[in-house]
Amino acid sequence: MAPRAETETEALTFAEDIIPFTKDRDIAEAFSDSGYTNSDAFGMAEAIGKLLNTTALKAGTVLRVGLEVRGDAAKVVRTGVYDRTRHIVTIALDDRGQFVPAEEPDPNPELQTAFDDSPPVVVRGNLPSIYDGIYRAAYSYGLSTKMAQQVIKILASDVDYQARLTSSDRLEVLFSQPDSDDQASEDSELLYVSAAIGGMTRTLYRFQLQDGSTDYFDENGRSAEQFLLRKTVPNGTFRSGFGARRHPILGYVRMHTGVDWAAPTGTPIIAAGNGVVEKAGWAAGYGKQTILRHANGYETSYNHQSAFARGVQPGARVRQGQVIGYVGTTGLSTGAHLHYELMVNGTKVDPMRVRLPTGKVLQGDDLVAFKRERERIDDLLKQQNGTGLKVASAGAATSK
């Protein structure tokens, strides 16, 4: 292994980014929200506005942004405006630093998928994926969308959501304060989840700690929340692991310093753990990149994103499971996926194999109080028809 030469870091490369307009919006705002906040981006937005005689563009518009990338700095040098895939105009930066009309460049296949909101690939067979099955069961038995998302989140560290359900998979939940139709109300709380999926059973209880925070714990008081999640695209498909491989674009063998999760453009990416946003911007071949700083020298990196989630900017605090961005194919990428990296004290390690710190374990007075709450919930489960409570129990593959 030889250190990368300084000249390679500073080599000039060209990349493209796709910015779809899902609603009417200001041109300069679209550039800014996508991470382009320098004078070149504002100059390009102004030039487009003058040529089209408008400062905003309609939903269905796509900006095809051409970038000169040197190191971590990206400069907007060309932008094509499209009505979905129909070319309207292209503006480029000339040798004198002026923004002028230009010919449309060679086709970019990414234009075809700019508004692709199709669901991830459905597994074969009559039964749905575990991810879809949990949502179907949750909605069939009165859980709210928020509660269904809670179930997905607290089981994320143990369940492969892309796998296919089996007839023996079961999901049981208990929530409080149902409405008159036995549906979850605004006052409902998810008290208990028991999932028997893939031959493994996970049982979790809701508990409020002395500091006022709430979490879900197993029978022994161990938190369902792991220090870091290994899979940050819950419904993604594993595509490439950590280690040496032949780069699909550059052609030569190089170290693949993370793992790839494939999913359609626009699929949400969640934070692996609680942390602070260290970076949210363009990073050469990595495209749109977010780096989170966690406790004890851990950092995670999320790359090739199509867009950053609202509020994700340097200095912002995020929680584990929070949506921080969306799958894309910006930078040096052959298809929509998340390239996820984990760094420990500055060294990149295999996210799927490294031993991670355990989550919170209750002790002392908290553990005593938790055992009382666990017993209370167990008694409610035995009653099942107790006043003000609703128990939902079904095969995870059930749909109505």
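The following legends describe several close-up views of a predicted model.

**Figure 1. Overview of the predicted protein.** The protein contains 6 helices and 25 strands. Of its 400 residues, 49% count as buried. Among contacts between residues at least 6 apart in sequence, 64% join residues at least 24 apart. The accessible surface of the protein comes to about 20,500 Å², and 46% of this surface belongs to carbon and sulfur atoms.

**Figure 2. The open sheet of S16, S22 and S20.** The view shows an open sheet of 3 strands in the order S16-S22-S20, with antiparallel pairing. Strand S16 (268-270) and strand S20 (307-308) stand at the edges with a single partner strand each, so one side of each has no neighbour in the sheet. S20 pairs with strand S22 (residues 323-326) in the antiparallel sense over 2 bridges. In this pairing, Ala307 stands opposite Tyr326 of S22. In general, the strands of a sheet pair through backbone hydrogen bonds, in either a parallel or an antiparallel manner.

**Figure 3. The largest nonpolar core.** This core has 28 residues, and those with the most contacts inside it are Tyr302 and Ile324. Two or more residues each are given to this core by strand S15 (259-262), strand S17 (275-282), strand S19 (298-305) and strand S23 (337-344). S23 gives the most, with 4 residues. When residues up to four places away in sequence are not counted, Ile324 touches Ile269, Ile270, Ala271, Thr290, Leu292, Tyr302, Gln305, Phe308, Ala309, Val312 and Val318. Another core, of 27 residues, lies apart from this one and has Ile130, Met147, Val151 and Phe175 among its members. In soluble globular proteins, nonpolar side chains tend to be buried together.

**Figure 4. Strand S17 and its two antiparallel partners.** S17 is largely enclosed by the rest of the structure, because 6 of its 8 residues are buried. S17 pairs with strand S21 (residues 317-318) in the antiparallel sense over 2 bridges; Val318 in S21 is the bridge partner of Gly275. S17 is also joined by 6 bridges to strand S18 (residues 288-293), and these two strands run antiparallel. Here Val276 has Arg293 of S18 as its bridge partner. S17 and S18 form a hairpin with 5 residues between the strands, in which Ala284 takes a positive phi near 50 degrees.

**Figure 5. Strand S9 between S8 and S10.** Strand S9 (residues 190-197) is mostly covered, with 7 of its 8 residues buried. Strand S8 (residues 170-176) pairs with S9 in the antiparallel sense over 6 bridges, and S9 is joined by 6 bridges to strand S10 (residues 200-208), again antiparallel. Tyr192 of S9 takes part in both pairings: Leu174 stands opposite Tyr192, and Tyr205 is the bridge partner of Tyr192 in S10. S9 and S10 form a hairpin with 2 residues between them, and Gly198 in the turn has a positive phi of about 65 degrees.

**Figure 6. Helix H4 and the residue Gly142.** In helix H4 (residues 130-140), the buried residues are Ile130, Gly133, Ile134, Tyr135, Ala137, Ala138 and Ser140. Ile130 is also among the residues of the core of 27 residues. H4 is followed by Gly142, which has a positive phi near 90 degrees.

**Figure 7. The second largest cavity.** A search of the whole structure finds 2 cavities of 30 Å³ or more. The second largest cavity holds about 30 Å³ of space. Leu228, Leu229, Arg230, Tyr340, Leu342, Pro351 and Leu356 line this cavity.

**Figure 8. Two asparagines with positive phi.** Most residues other than glycine have a negative phi. Asn53 has a positive phi, near 60 degrees, and is found in the loop between helix H3 (39-52) and strand S3 (56-57). The relative accessibility of Asn53 is 70%, so this residue counts as exposed, the cut-off being over 50%. Asn345, which is not a glycine either, has a positive phi of about 50 degrees. Asn345 is placed in the loop between S23 and strand S24 (347-349). At 63% relative accessibility, Asn345 likewise counts as exposed.

Key: Residues numbered from 1 in each chain as written. Predicted model: local features only at pLDDT ≥ 70, side-chain atom pairs only at ≥ 80, totals over all residues. Heavy atoms only, no water. Pairing = 2+ DSSP bridges. Core = buried A, V, L, I, M, F, W, Y, C linked by side-chain atoms within 4.5 Å. Buried < 20%, exposed > 50% of the residue type's maximum accessible area, 1.4 Å probe, protein only. Contact = heavy atoms within 4.5 Å. Areas by Shrake-Rupley, 256 points an atom, 1.4 Å probe, with all protein chains shown as cover. 1 Å grid on protein atoms, 1.4 Å probe; cavity = no way out; pocket = protein on both sides within 12 Å on 5 of 7 lines; lining within 4 Å. Points joined across faces, edges and corners; volume = space filled by probe spheres on them.
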